[in-house]
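Dear colleague,

I am handing over the structure we spoke about, and I would be glad if you could look through it alongside the notes below.

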Amino acid sequence: MLAEYTSDESEKNQLLELSSRQRATLFENTIRLPGISMLDILLRFPSCSPPVEVLMEHLSRLIPRAYSVSSSPLESADSFSFAFNVITFSKNDGRRYSRNGVCTGWLYNLCKDMLNEGVTTFDDDLAKHLSTLSLNQGIVVDPNISKEIVVYRRKNHNFRLPEDLKSPIVMIGPGTGIAPFVGNEGTL
């Protein structure tokens, strides 16, 4: 699809090569494994100018993210805490800018003011490139719409404490994997 909107023949040929079956390994090593974004590709091939609506049609649909609750329902049945780790992609391996994961970066930006952290997650270069993107005129985004996080419970059928709570257990929870252990603290 991108090759159709690329005016430079050399760039068009490179895009066609990347998308060919014969060069699947090239695509795997240069696009998929390093986590190259659509914006990285557009910056790498400057003569590629697809309409925004065509880009939107080809972007992957975001799927719900599951997070582990890190609080016990025995302490509060009306509220909960959860843990997340911000995933960061550095500027290398074909990525033109550093960026955070889509969901964890968004959550972090919502939380950072509450945590009194004045850290900017995106660099000025990325902000400049994003500001040049626009939808067709006539589409208005309402600035009064508030951010909403949809939350629902999903039981983890794999995590169980032993029947005999006096039994010794070894719990390993690297990173945010510690959340279920913290959440079950009140039950131990």
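This is a predicted model: local features need pLDDT of at least 70, side-chain atom pairs count only at pLDDT 80 or more; totals for chains, interfaces and linings use all residues.

When the whole structure is searched, three salt bridges are found.

In one of them, the side chains of glutamate 17 and arginine 23 meet, with a distance of 2.6 Å from N to O. Glutamate 17 is partly exposed, at a relative accessible area of 31%, and arginine 23 is likewise partly exposed, at 34%.

Another salt bridge joins the side chains of arginine 32 and glutamate 28, again with 2.6 Å from N to O. These residues lie four apart in helix α2 (residues 24–32), so about one helical turn separates arginine 32 from glutamate 28. Glutamate 28 is partly exposed, with a relative accessible area of 26%.

There is also a salt bridge between arginine 99 and aspartate 40, whose closest N and O atoms are 3.3 Å apart. This pair links distant parts of the chain, since arginine 99 belongs to strand β2 and aspartate 40 to helix α3 (residues 38–44), 59 residues apart. Because buried means under 20% relative accessible area, arginine 99 counts as buried at 13%, and aspartate 40 counts as buried at 1%.

Helix α5 spans residues 102–112, and its buried residues include Cys103, Leu107, Tyr108 and Cys111.

Notes
Residues are numbered from 1 along each chain as its sequence is written. Side-chain values use heavy atoms; hydrogens and water are left out. Buried means under 20% relative accessible area, exposed over 50%, partly exposed in between (1.4 Å probe, protein chains only). Helices (H or I, at least four residues) and strands (E, at least two) are DSSP runs, numbered from the N terminus. A salt bridge is a side-chain nitrogen of Lys or Arg within 4 Å of a carboxyl oxygen of Asp or Glu.
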